[in-house]
Amino acid sequence: MTSRERILTVLQGDLPDRVPVTPFIQEEFLKWFYPTRRTLDRVETVVELASELSFDVIAKPNRFMTPAFFKRDHLNWRVRHETKREGDFWVSRLEITTPDRVLTQVSAVPDAGVATAGVMSAVRKHLLEDEDDIASFTRWLPLADAEAQQEMRETAAAWRRTLGDTGICAPWGWAGVFNVASDLWGIEQVMMAPYVEESTYQTLMETLTRGMMAYNVPLIEGGAEMIGLQGHMANARSVSADYFRRHVAPYEKQLIDALHAQGAFTVYHNCGFARALWPCYCELGMTLWETVAEPPQGDNGLAEAKQEVGDRICLAGNLDQVCFLKTATPEEVAARSREIMRIGKPGGRYLFACSDFLEKNTPVENVKAMIQGALEESSYDA
């Protein structure tokens, strides 16, 4: 099997020739591995890295996580965007003017050089601060225009051509309703809103869901096999299963179902605490949950997750890349990778990976040992 066939077989719920070995690679590790590069790309550079290290690629470009309507003007929606350096940070100010409101957001991201594009920004001032802001936002929020849709299709098609048989493309879309709502309004406001501002919460969540259902379609039409949804804010440390079912799941499930109806798989990202939400994840119907992070990063166990939900959703994980992969010997890394593979492999629906993206300061010899150790136990013929 090719890497692409292997990964797609797993996502379809069937057994491939072996378990795919799919480390999550983004700019931070690429900069560490290629320190003299002046440009890095989550598709092209990752394919190059895969040819050197021999792994299966799930490329996760983030180019379209921020929609075009947050970057340029649309009807009744004027956008002004400014970014400037403040100390060690890049600070961005976004101003959106609608017919009845001026909405302003300020965010900051540390300067990581060529890897800055892979760093998640922190919001200092949220775009939406009160009921009137939300009313204006939901009233005037545009859909992606024809220019943006064409750019998304053409870019996704180019990603597909670059990947070839080395793997699949799973771009982060404008997706993950609760996460996006939290970025726009603030996690504290969103958490409490179902109890104190229920109608406002429903209006915002319904508007975002409809927008996301339409927004991600051109990526799928262009050839993206899977769409990434951010789901880490509604994790098992911040919400109960009951809260999740009542106030998060109805919107996420509608989005997931819509993406599946367009022919794409879905990957739902929560790299932390999730144990109490496992049944909810099955109810959402996601294709893949990443990642089954163990303590201290999360509260999950791969063996238990395989037993309880592994027959209904695919799982990715779960070697600790934060501490273990950086400090263990190559022999210890290889042994741990073989152990994880023996746990995850039975029954299929499993992708070997770390508990999140590979980080800088990770010894390259350990990464090689991780991949080789996992491959040694990956075959379904053994």
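The legends below describe close-up views of a predicted model.

**View 1. A salt bridge between Lys60 and Glu290.** The side chains of Lys60 and Glu290 form a salt bridge, with 2.4 Å from N to O. This pair links distant parts of the chain, since its members are 230 residues apart. Lys60 sits in the loop between strand E1 (57-59) and strand E2 (78-86), while Glu290 belongs to strand E9 (residues 288-290). Are Lys60 and Glu290 buried or exposed? Both residues are buried. In the structure there are 32 salt bridges. Side chains of opposite charge can pair when their charged atoms come close.

View 2. Glu290 is joined to Thr291 by a cis peptide bond, with omega at about -5 degrees. Glu290 lies in strand E9, and Thr291 lies in the loop between E9 and helix H12 (302-309). Most peptide bonds are trans. Glu290 also takes part in the salt bridge with Lys60.

**View 3. The cis peptide bond between Gly317 and Asn318.** The bond leading from Gly317 to Asn318 is cis as well, and its omega is near -5 degrees. Where is Asn318 placed? Asn318 is part of strand E10 (residues 314-319).

View 4. Lys368 and Glu365 meet through their side chains in a salt bridge of 3.7 Å, N to O. Both residues belong to helix H15 (residues 364-376). Because they are three residues apart in this helix, about one helical turn separates them. Lys368 has a relative accessible area of 41%, so it is partly exposed. Glu365 is also partly exposed, because its relative accessibility is 49%.

**View 5. A salt bridge between Glu129 and Lys125.** The side chains of Glu129 and Lys125 are paired in a salt bridge, with 3.5 Å from N to O.

**View 6. A network of four charged residues.** Salt bridges link Arg6, Asp17, Arg18 and Asp56 into a network.

**View 7. The packing of helices H8 and H10.** Two packed helices are described by the angle between their axes and the distance between the axes. Helix H8 (residues 198-215) packs with helix H10 (residues 241-261) at an angle of about 15 degrees. Their axes are 9 Å apart. H8 passes H10 in a crossing that is right-handed.

**View 8. The packing of helices H12 and H14.** The axes of H12 and helix H14 (residues 330-344) cross at roughly 15 degrees and come within 9 Å. H12 is therefore roughly parallel to H14. The crossing in which H12 passes H14 is right-handed.

**View 9. A nonpolar patch that includes Tyr195.** On the surface, Met192, Tyr195 and Val196 make up a nonpolar patch. Together these residues have about 340 Å² of accessible area. Tyr195 is located in helix H7 (residues 187-196). Is Tyr195 buried or exposed? Tyr195 is exposed, because its relative accessibility is 55%.

**View 10. Asn76 beside Trp140.** Asn76 and Trp140 are 64 residues apart along the chain, and 6.7 Å separates their C-alpha atoms. Asn76 is found in the loop between E1 and E2, and Lys60 is in that loop too. With a relative accessible area of 34%, Asn76 is partly exposed.

**View 11. Positive phi at Ser54.** Most residues other than glycine have a negative phi. Ser54 is not a glycine, yet it has a positive phi of about 65 degrees. Ser54 lies in the loop between helix H3 (44-53) and E1. Ser54 counts as partly exposed because its relative accessibility is 46%.

**View 12. Positive phi at Asn361.** Asn361 is a residue other than glycine with a positive phi, near 65 degrees. Which loop holds Asn361? Asn361 is in the loop between strand E11 (350-354) and H15. The relative accessible area of Asn361 is 46%, so this residue is partly exposed.

Definitions and conventions: Residues numbered from 1 in each chain as written. Predicted model: local features only at pLDDT ≥ 70, side-chain atom pairs only at ≥ 80, totals over all residues. Heavy atoms only, no water. Patch = residues over 30% accessible without salt bridge, like charges linked within 9 Å, V, L, I, M, F, W, Y side chains within 5 Å. Areas by Shrake-Rupley, 256 points an atom, 1.4 Å probe, with all protein chains shown as cover. Helix = DSSP H or I, 4+ residues; strand = E, 2+ residues; numbered from the N terminus. Buried < 20%, exposed > 50% of the residue type's maximum accessible area, 1.4 Å probe, protein only. Axes fitted to C-alpha atoms, helices over the stretch in contact; angles between N-to-C directions. Left-handed = near helix turned anticlockwise from the far one by under 90°. Parallel < 35°, antiparallel > 145°, perpendicular 65-115°, else oblique.
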